[in-house]
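Dear colleague,

I am passing on the structure we talked about, with the sequence alongside it.

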Amino acid sequence: MLTPTRRTTLAAALLGALGATGLTGCTSAVQQQDSDRSDAAEPVSGGTLTIAQSADIQLDNLQASRAGNGSFAANVFETLTVLDADGVPQPRLAETWEMSDDQISISLRLRSDVTFHSGRPLTAEDVKFTLEQVATSSAQLAFIAQKIEAIEVTGSTELELTFSEPIPNVFDLFEQTFIVDAETFAGLADGTQVIGTGPFLFEEWVPGSSVSLVRNDDYWGEPAYLDNIEIAVITDSTALLNAVRSNRSQIGLGMNMQDIITFAEDPAFSLTTTSGSIFPLGLDVENPVFETREMRQAVNFAIDRERIATQVFGDAGTATALPWPVDSEGYPSGLADTYAYDLERARQMIQDAGAQGAEVTLTVNALPQNLSIAEVIRNNLEEAGLVPTIAPLDSPAFNERQIAGDLGMSFLPTHGLDGLTPITLLDRLPSIREGNSSHFWSDEYERLRQDLVTSSEADYAQALEALSQYMLDEAFAVNVVYVENRIVVAGSAQDTVWSARGYLDAKAAFVNS
């Protein structure tokens, strides 16, 4: 995939102003399995696509990128636009758009033939309701929605958004916001009314166990080939591996990377790569153990990032202290190994801080990969003279505390980068945005962040490097490893399309025996 530059979405907005009516409704695809095979089978109607995943769905966090939602959300719900492989927005529920010359407002016209699964037509009021909900939600891109000063509905399928300032990444918001039915929204969180406009209907959810989707025969576009999508939630990594290996499930999501690697040479499967994730180590600067930056730096010198990258993730992992996509514009690669493993230095710094023997609790999102990383970190910190304990939390509990900025003295989350640029990630990533669980913020940090957002094309790389250097020096949330997200897909599941953030679009998918 070609990574969009920081100004791609603004340029795309200008393209929209020139007329989006000539664009066709194509999908945003990082990978489309088997799309380039000369022997690809002809699509067939019917059948069931089976998916096994390590995390349950999170309906109460629909608008946030949450483990578990990638399998179902983009099949039940749809967005206003989608970004293609070049980062250019393409129509989905929004048919056309026009950006004002001063970039302070945008007019949208929706498709007139879209209905919710309830049978009610989609209206501009539903889009207004959705954007207002996102602005007050835990969605990572809520900060963009909060810059929408006014939403005026000018017709049943027309509306105008006015911004408090130009928003160069507004199409990031449009792509990552699922439009919901205002009339049934109250029933979304508990699964009693899951109503979207997508090619599949939400049929049943057994929390912690399974999800069932069925084809929407009244879909506004071409109906899907599949009759059903069945999703099994399997939290045990061995059982998850066996489910995919035996072909009981044709797609494996959230699998242990070491298990994923075993499929690499198997011709019966393919590995699909979507935008990467990072695993930062956060340290609470208000905790007495980590109140000095020297102590926080010592902890980071104690971590063997190369070992984690190789041992846990194989060739999918890259040891880097930076929180940005490794292929992003202006990536300051010279800073990536700022905290190269140096055990003796870490030990000495911990001794100098008088912290030898200090107890450290590491709160971990209890997904297989996070737990594997945490074990290496625990061993590293023990060798450096600390007394670490791992405190695992299931994903919903971890996410709740992350939203509240209360993950404890040290913590290890997962942040999907979703193909986004550093400018968007600054306020998207919970570990580095305002209200982070490290309780870190400063005037200098705010200034450097603003410098990046407002920098010219010529100054952008320098601004990103200055901000990155400051974040590394303060060491409040330093990345451990960058990982390519990989999904295991059996050959019997064909034409599965995945967005940059790892969401399955199964409109064109089919199964063959």
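What follows is a short account of what was found in this model, which is a predicted one.

I begin with a sheet. Four strands make up an open sheet, arranged in the order S5-S6-S8-S7, and their pairing is antiparallel. Strand S5 (94-99) and strand S7 (148-155) are at the edges, and because each has a single partner strand, one side of each is left without a neighbour in the sheet. From one strand to the next, the twist averages 20 degrees.

Next come the charged side chains. Side chains of opposite charge can pair when their charged atoms come close, and in this model the count comes to 24 salt bridges. I describe some of them here:

- Arg-111 forms a salt bridge with Asp-113, with 2.9 Å between the closest N and O atoms; Arg-111 is partly exposed at 22% relative accessibility, and Asp-113 is also partly exposed, with a relative accessible area of 39%.
- Arg-378 forms a salt bridge with Glu-382, the closest N and O atoms being 3.2 Å apart. Both residues lie in helix H11 (residues 368-383), where they are four residues apart, about one turn of the helix. Arg-378 counts as partly exposed at 23% relative accessibility, as does Glu-382 at 41%.
- Glu-444 and Arg-447 meet through their side chains in a salt bridge of 2.7 Å, N to O. Both lie in helix H14 (residues 443-454), three residues apart, which is again about one turn of the helix. Glu-444 is partly exposed at 33% relative accessibility, and Arg-447 is partly exposed with a relative accessible area of 40%.

On the H8 side the contact is made by Glu-294, Met-295, Gln-297, Ala-298 and Phe-301, while on the H10 side it is made by Leu-343, Arg-345, Ala-346, Met-349 and Ile-350.

Finally, I would point you to Ala-224, which is found in the loop between strand S10 (210-215) and strand S11 (228-233). Is Ala-224 buried or exposed? With a relative accessibility of 5%, Ala-224 counts as buried, because the cut-off for that term is under 20% relative accessible area. Leaving aside neighbours within four places in sequence, Ala-224 is in contact with Phe-200, Arg-215, Ala-506 and Lys-507. Ala-224 and Asn-75 are 149 residues apart in sequence, and their C-alpha atoms are 9.8 Å apart in space.

Notes. Residues are numbered from 1 along each chain as its sequence is written. This is a predicted model: local features need pLDDT of at least 70, side-chain atom pairs count only at pLDDT 80 or more; totals for chains, interfaces and linings use all residues. Side-chain values use heavy atoms; hydrogens and water are left out. Two strands pair if DSSP finds at least two bridges between them. Helices (H or I, at least four residues) and strands (E, at least two) are DSSP runs, numbered from the N terminus. Axes are lines fitted to C-alpha atoms, for helices over the stretch in contact, and angles run from 0 to 180 degrees between N-to-C directions. A salt bridge is a side-chain nitrogen of Lys or Arg within 4 Å of a carboxyl oxygen of Asp or Glu. Buried means under 20% relative accessible area, exposed over 50%, partly exposed in between (1.4 Å probe, protein chains only). Contact means heavy atoms within 4.5 Å.
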